[in-house]
Protein chains: 6
Amino acid sequence: MRPSGRAPDEMRAIDIITNFTKHAEGSVLVCFGDTKVLVTASVEERIPPFLKGKGEGWVTAEYSMLPRATHTRGSREAAKGKQTGRTQEIQRLIGRSLRAVTDMKKLGERQITLDCDVIQADGGTRTAAISGAWVALRLAINTLMAQGKVTEDPLTRKVAAVSCGIANGVPVLDLDYIEDSSADADANFVLIEGGHIAEVQATAEGATYDEEGLLRLLRLARIGCDRIFAAQAKAVAG
Amino acid sequence: MRPSGRAPDEMRAIDIITNFTKHAEGSVLVCFGDTKVLVTASVEERIPPFLKGKGEGWVTAEYSMLPRATHTRGSREAAKGKQTGRTQEIQRLIGRSLRAVTDMKKLGERQITLDCDVIQADGGTRTAAISGAWVALRLAINTLMAQGKVTEDPLTRKVAAVSCGIANGVPVLDLDYIEDSSADADANFVLIEGGHIAEVQATAEGATYDEEGLLRLLRLARIGCDRIFAAQAKAVAG
Amino acid sequence: MRPSGRAPDEMRAIDIITNFTKHAEGSVLVCFGDTKVLVTASVEERIPPFLKGKGEGWVTAEYSMLPRATHTRGSREAAKGKQTGRTQEIQRLIGRSLRAVTDMKKLGERQITLDCDVIQADGGTRTAAISGAWVALRLAINTLMAQGKVTEDPLTRKVAAVSCGIANGVPVLDLDYIEDSSADADANFVLIEGGHIAEVQATAEGATYDEEGLLRLLRLARIGCDRIFAAQAKAVAG
Amino acid sequence: MRPSGRAPDEMRAIDIITNFTKHAEGSVLVCFGDTKVLVTASVEERIPPFLKGKGEGWVTAEYSMLPRATHTRGSREAAKGKQTGRTQEIQRLIGRSLRAVTDMKKLGERQITLDCDVIQADGGTRTAAISGAWVALRLAINTLMAQGKVTEDPLTRKVAAVSCGIANGVPVLDLDYIEDSSADADANFVLIEGGHIAEVQATAEGATYDEEGLLRLLRLARIGCDRIFAAQAKAVAG
Amino acid sequence: MRPSGRAPDEMRAIDIITNFTKHAEGSVLVCFGDTKVLVTASVEERIPPFLKGKGEGWVTAEYSMLPRATHTRGSREAAKGKQTGRTQEIQRLIGRSLRAVTDMKKLGERQITLDCDVIQADGGTRTAAISGAWVALRLAINTLMAQGKVTEDPLTRKVAAVSCGIANGVPVLDLDYIEDSSADADANFVLIEGGHIAEVQATAEGATYDEEGLLRLLRLARIGCDRIFAAQAKAVAG
Amino acid sequence: MRPSGRAPDEMRAIDIITNFTKHAEGSVLVCFGDTKVLVTASVEERIPPFLKGKGEGWVTAEYSMLPRATHTRGSREAAKGKQTGRTQEIQRLIGRSLRAVTDMKKLGERQITLDCDVIQADGGTRTAAISGAWVALRLAINTLMAQGKVTEDPLTRKVAAVSCGIANGVPVLDLDYIEDSSADADANFVLIEGGHIAEVQATAEGATYDEEGLLRLLRLARIGCDRIFAAQAKAVAG
């Protein structure tokens, strides 16, 4: 039995509120249960130096946890003067995940930055961020297409992410904080609609996987991402 | 006529949603019109070094603007590796304002940090932050008193803040972004319930005040803060 | 009775030594009693990026306290690798104060930086800095006009600053360190010759003001600034 | 045909030179073909603050690329004043991988730091680093056991790592720089002797995996790690 | 003929004004011609960690150039967030020079920091700083001895420094800025009263020395330091 | 008798292995006994801003000690976020030494960076670095000349460096770590083939030199550098 009473292959409630803030070209509050992440997509008509003259755009991400998003207050990165390794690892993952489904030629010479700020954390902040970032990016690109700045859709596939783990010997989907703290293993999967894998980040400090274990987690991830793809579709249609 | 259609002495709608996040001892989302600031109050059983052995507590604040809280994206302070002068100025002001109404002996040897993160900006973020921070602090102290850790109330007076300015020659209350951008002068008042002034920060890059002008702004600030005190009382009463 | 034996509306001795150093376009050592600040005005034929193409100049300031300007040694900001919030707050105030009296169109596309380095501190370093900076700026602009680089005087009004406070219940002018340490309230006024207010920064951690108290401090500030305007005029006439 | 002429499941030459430097408790130069990493294991009789009083030790890692380890010179992180996200991601991975096979209770209250400095890079620096770090750690623990400071062996299993990828549609083992630059997908596997998975980090910016693809890469990784385990055994015996 | 009209072995006017500021235990303004450096000696009853339990004291130095001490404004190190290599090199040299004449056992467990801030630069700022720092240190130690905190004099020898160089083929003493800019070689000598050498830092980017050239510069340095020793004695005698 | 059994004027074994790494235009591992430094010379077709338009090139150096190059582990500068004063002092010395023998006009508008990374330290790392850097620079310039990018040799003289000191009252050449730790004085000489001095850095925290002492150290340095010049010639010919 899971602490939350959920079945092993059961996601938490997914809630994606679009247009949560008014200035960004795309903006959502994405909730996986009590994990709440504000994602904004900002379009800027400039590109990073390494892309000069290639006729391509760029999608990047920044991630941050508000100091009291967690049980005890963490120190503010801006006050300490640097981002932690964890923060950088996560924002690089988010950026790669979204770039995996974006056609940079079709986007054209502009940059979209996905700012993912965790308002409240209860496990799975990076997977919620990726899943919400797709919606924010979708909204921003819809705006660009409505303005005629982009003519062919650069974002034809959805991407979503979910964490899976082995808790008390049982593979489970979408760990919350309590499960995550005591789980033997923790894997984040980033999947693309249609069955492809964009990223796997599977870590076992305590326990270890074998091939069969990895596959069982991957299958749970498919179930979870299908739920998220449906929520994304509804949010965009919304 | 003001761009918003408000009368010169009319505040924007004030909304203070308590318990907006679940981990902090006190948490509010405070809205002055479209300006939205998340404030959390975090209690820690430790004090800064300069207070060691004095039997007193401390109240401090940190402030940040999410990168896309504004019309165009600003760079993230954590990524740049330092806080701007503006950020530091504002967080110092918030801290002083709340300390002005807190009895540090009664609080005892603990620190309360008020994290003010601007979700959406439309003028007056520092005044909304101070006004909301009082509610978050009140909630945190209520918790400490309910737990018996604090026995005498260290927070017997309310504090609130509002900006005033001179727009098109007319003194006006609670400037939004459009008014603020074109105002001749800008003054932030931090007032304590019962008629006292905690802070005045009046700046005139373009125009200048005279004594009468300053008093007219101060009187508008009293009207605004009375409105905020009422909203604070209602929010705490819940 | 004040610790210094001064009357409540009595300034400390004001001394403004021009051309204290030889390289800067304008340079003064300004003393308010034992508070001594070296201010240099440096003209550079470049402007900050946000002014490109506007045909305007810029005036900005930097402030620093030498490590042993104070009773006990403070750590050196350059060695720590960052400026404190207090430093940034003060240098922003100095810059705004001088910009309030400078016509940027007449200055033309150049930047003048006012470096204010506190040699010895005894209260009121920021107000002495602003008052001295006006003289340094005046000297630098005189040089530009003598060189024919500037044809119409961009600096037709004086600006000066002074601190006032309530000590032992009595409003007093130009607090020195001893008074400042025990004062109930502390207010810095930046005034423009002719009766206008450029900035008010009034803070009350311990006590609070009411409207009447604020006005009494403002009236003391007028007395003090008139003394400073006279000293500035004499220094420039020098 | 691979650019190097290797078969798809063929590793580059593995060379592990022990005691490459003389001061460290464990030291190796590990070479995977032209990729050369110097790894030192440093024992310190102190533990990080979060382990105080738990009776446990800690294993951590730091990673760096010499500026001219690569085709073109990269800027030195010490000169820029911060480590890149890539560096932090890699050193966190190395640390977790070695902790996965170390019994911290048996290690006792001491810390071992694995410094991995890339002398020459030709693809797979992180996997070479992990594989070499195990040998350096083994040597350092041998020293501690010989000194009687550690009585029960905390390191009873080997860990090794290798990269796999899909190049021209074919899954291949141990990519060198040329293959890595053009590969459709890139996956790093950290495996524990006996068949368990410690970490999987599979990324697909260009292409994507499916379940079968992931399994094929995992099977190649098993072949590669078996080769590395043999080289580690020989180096330690050596 | 030298630009200043001085003879090759002629120092600039040396002026050492004691008690230039009032808070420091020792304070001087030292002038070598137009080079003016404010040096304060601050006594703190604490020692750096590496001296814990050795019963010894420490003498250290910090150096800074005010932004407009020079012909054109240099950027402020505190604003840039780091000290230049030149600054660090100089402050390390000053510290070593003063430590060379201080008996740390007799000083006892306390630290004296010599802050050297260049008010105006015209060549030779580091040598003026060392020469003035000896006087500030002497004054601070006199205070400690008068207070009975130090009983045996830890500073029985004087130390002074001067720069020499080869200008237009002629060895010259105490270069000012104009000479320094065009000199073929530049050497700083730190000498101890009685004929000993504490430090030599001789650099030749353009030209090179031979043994005879080095000796001729050293002999000039002796002449210069004898002048400085006399000025130091007179300054302390008051 | 020296701890190493060497005669007072005897160098340690000098070993200069060329082409130690494959990407750099010049690369050597230079060993003075157990001191081992990897030096790479990187050619970049760009120049620093202050040389724009002068038709000249630039040679610069960076220096770093691997954390466990020493007896106990030192912290990594990249992780701390800044280079120590010692590091900056050394890399500035290396750069100046190599520039002293390079004709920047003949080099043309390009920059060569000499990265000196200490693999193992046993005294004299900076002098080994300078001596090895000359070989790396020579190899890089040979490459440029072979490519026809440089037509006249900009490097016609050798430069080498060695440390000397006074140990137990005896002047000795090329101190290793044990001697260096207990030596009364320490001097680094950078000499140019043919008898010229490029740099002298002589420091005496404990003891002091007189003129005769300095000359005796200089004469030892000549003996040592002659040995190094021979080793450099052999390495380049090799």
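Predicted model: local features only at pLDDT ≥ 70, side-chain atom pairs only at ≥ 80, totals over all residues.
Colleague: Which residues of chain A does UniProt list under "binding site", and what makes them one spot?
Modeller: The unreviewed entry lists A:Arg86, A:Gly124, A:Thr125 and A:Arg126. They span 41 residues in sequence, but no two of their C-alpha atoms are more than 13.4 Å apart, so they gather at one spot. Of these, A:Gly124 sits in the loop between strand 5 and helix 4 (125-146) of chain A.

Colleague: Why is the pairing of A:Lys105 with A:Glu56 called a salt bridge?
Modeller: A salt bridge requires a side-chain nitrogen of Lys or Arg within 4 Å of a carboxyl oxygen of Asp or Glu. The closest N and O atoms of A:Lys105 and A:Glu56 are 3.7 Å apart, so the pair meets the cut-off of 4 Å. A:Lys105 belongs to helix 3 (residues 104-107) of chain A and A:Glu56 to the loop between strand 3 and strand 4, so the pair ties together parts that are 49 residues apart in sequence. Over all chains, the structure holds 139 salt bridges.

Colleague: What makes A:Glu25 and B:Arg68 a salt bridge?
Modeller: Their side chains meet at 2.6 Å, N to O, and the limit is 4 Å, so the term applies. Side chains of opposite charge can pair when their charged atoms come close. Between chain A and chain B the count is 14 salt bridges, alongside 24 residue pairs in polar contact, both residues being at pLDDT 80 or more. On the side of chain A that touches chain B, strand 3 (35-44), strand 4 (58-65), helix 1 (77-80) and strand 5 (111-120) each supply at least two residues. The residues of that side divide into 14 nonpolar, eleven polar and 13 charged.

Colleague: What area do chain A and chain B bury between them, and how much of it is on carbon and sulfur atoms?
Modeller: They bury about 3,000 Å², with 49% of it on carbon and sulfur atoms. A:His23, A:Arg68 and A:Arg73 supply 26% of the area that chain A buries against chain B, more than any other three residues. The contact takes 38 residues from chain A and 38 residues from chain B.

Colleague: How do you know which axis relates chain A to chain B?
Modeller: Chain A is superposed on chain B by a rotation of 180° with 0.0 Å of shift along its axis, at an RMSD of 0.1 Å. That is the relation of a two-fold axis.

Colleague: Why are the copies said to meet through the same surface?
Modeller: Because 100% of the interface residues of chain A are also interface residues in chain B.

Colleague: What separates chain C from chain D?
Modeller: Their nearest C-alpha atoms are 11 Å apart, and the two chains do not touch. Chain A and chain E do not touch either, with their nearest C-alpha atoms 11 Å apart.

Methods
Residues numbered from 1 in each chain as written. Chains lettered and ligands numbered in written order. Heavy atoms only, no water. Contact = heavy atoms within 4.5 Å. Buried area = accessible area lost by both parts, 1.4 Å probe. Polar contact = N/O pair within 3.5 Å; in protein donor to acceptor, adjacent residues only side chain to side chain. Helix = DSSP H or I, 4+ residues; strand = E, 2+ residues; numbered from the N terminus. Nonpolar A, V, L, I, M, F, W, Y, C, P; charged D, E, K, R; others polar. Least-squares fit on C-alpha atoms with pLDDT ≥ 70 in both. UniProt positions renumbered as here; feature names shortened; annotations may be inferred.
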